[in-house]
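Please examine the structure shown below. The account that follows treats its charged pairs and then its nonpolar cores.

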Amino acid sequence: GISVQGPREPLVARPGDEVLLPCSVDSTVPLQELEVEWMRTDPDTLVLLFSEGESRPESQHQRYRGRAEIFPQEIPRGNFSLWLANISAEDTGVYRCAVHMAQGSGETTVELKEQERLVVTGADRAVVSYPGGEVVLSCSVDTNVPLQELEVQWMRTDSEILVLLFSEGESRPESQHQSYRGRAELFPQDIPRGNFSLRLKDVRTEDKGEYMYRVHTDSGSANTTAELEQLRFSTAHIWILLLALSALRVVILTSVPTCQ
């Protein structure tokens, strides 16, 4: 067989990018004795075929037509690298470069990965609540990383108290600080859509402050913050207070002795 060289590490590209998949041998090559086959594995799809001295675009899969090329001037020097344009998420995977010559055959593989996308967005204004109420601290994540590979933390920034942890595809209530157990939760049905907003129930005065939302992946992290401002009384609380004051006034007036 012959020795065919490719990259040692996976290649990374963003949607819309162009990428070069290396494949070469160390010797010059007679074109008429050469056949180069670029295949995408799983499933096997013919990306490009070079045979009998020229490329055979009629043989390649339709989704690669006009996007996949090799460099004719480089082929006699043993360079069979594949140029792939307008990358999409569907192009990720393992590619095999198989070289057949009179003296034997050989192959190498190239893995193409989509560059990790991780964008975290929070609310653009502070949230106000009242004691005993319920509040939602908004946060969303736009990513191509699978949920099972994400770790999401809601933290108090002033004390680094863990409010809530999402790891390995599910919430971990056993990890959160005891003061938030039973009060802080996510919206499970919205998580697959990237919504990791925090619902905080039975709000307390000490809940006021800044919260950080941090997302970790194998290769990086991103974060944003949410502010829970000075707690205010609700309309119901105000009415109750006014009624209490009115009742107190009536009691005071009725208890004062009248002048004879």
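**Salt bridges and nonpolar cores**

Arg193 is exposed, its relative accessible area being 63%. This residue belongs to a predicted model, in which Arg193 forms a salt bridge with Asp190, with 2.2 Å between the closest N and O atoms. Asp190, by contrast, counts as buried because its relative accessibility is 16%, where the limit is under 20%.

The count of salt bridges comes to 17. Another of them joins Arg96 to Glu107, whose closest N and O atoms are 3.9 Å apart. This pair links distant parts of the chain, since Arg96 lies in strand S8 and Glu107 in strand S9, eleven residues apart. Arg96 counts as buried at 19% relative accessibility, whereas Glu107 is partly exposed at 48%. The side chains of Arg125 and Asp124 also meet in a salt bridge, at 3.9 Å from N to O, and both of these residues are exposed. Glu52, Glu54 and Arg56 are linked in a salt-bridge network.

Attention now turns to the nonpolar residues. In soluble globular proteins, nonpolar side chains tend to be buried together. The largest nonpolar core holds 29 residues, of which Leu34, Trp38, Phe80 and Val99 touch the most other members. Strands that each supply at least two residues of this core include S1 (11-13), S3 (35-40) and S9 (104-114). The largest share, four residues, comes from S8. Leaving aside residues up to four places away in sequence, Val99 touches Ile2, Val4, Cys23, Leu34, Glu35, Phe80, Gly104, Ser105 and Gly106. A second, separate core of 28 residues includes Val141, Leu150, Phe166 and Tyr213.

Key:
Residues numbered from 1 in each chain as written. Predicted model: local features only at pLDDT ≥ 70, side-chain atom pairs only at ≥ 80, totals over all residues. Heavy atoms only, no water. Core = buried A, V, L, I, M, F, W, Y, C linked by side-chain atoms within 4.5 Å. Buried < 20%, exposed > 50% of the residue type's maximum accessible area, 1.4 Å probe, protein only. Contact = heavy atoms within 4.5 Å. Salt bridge = Lys/Arg side-chain N within 4 Å of Asp/Glu carboxyl O.
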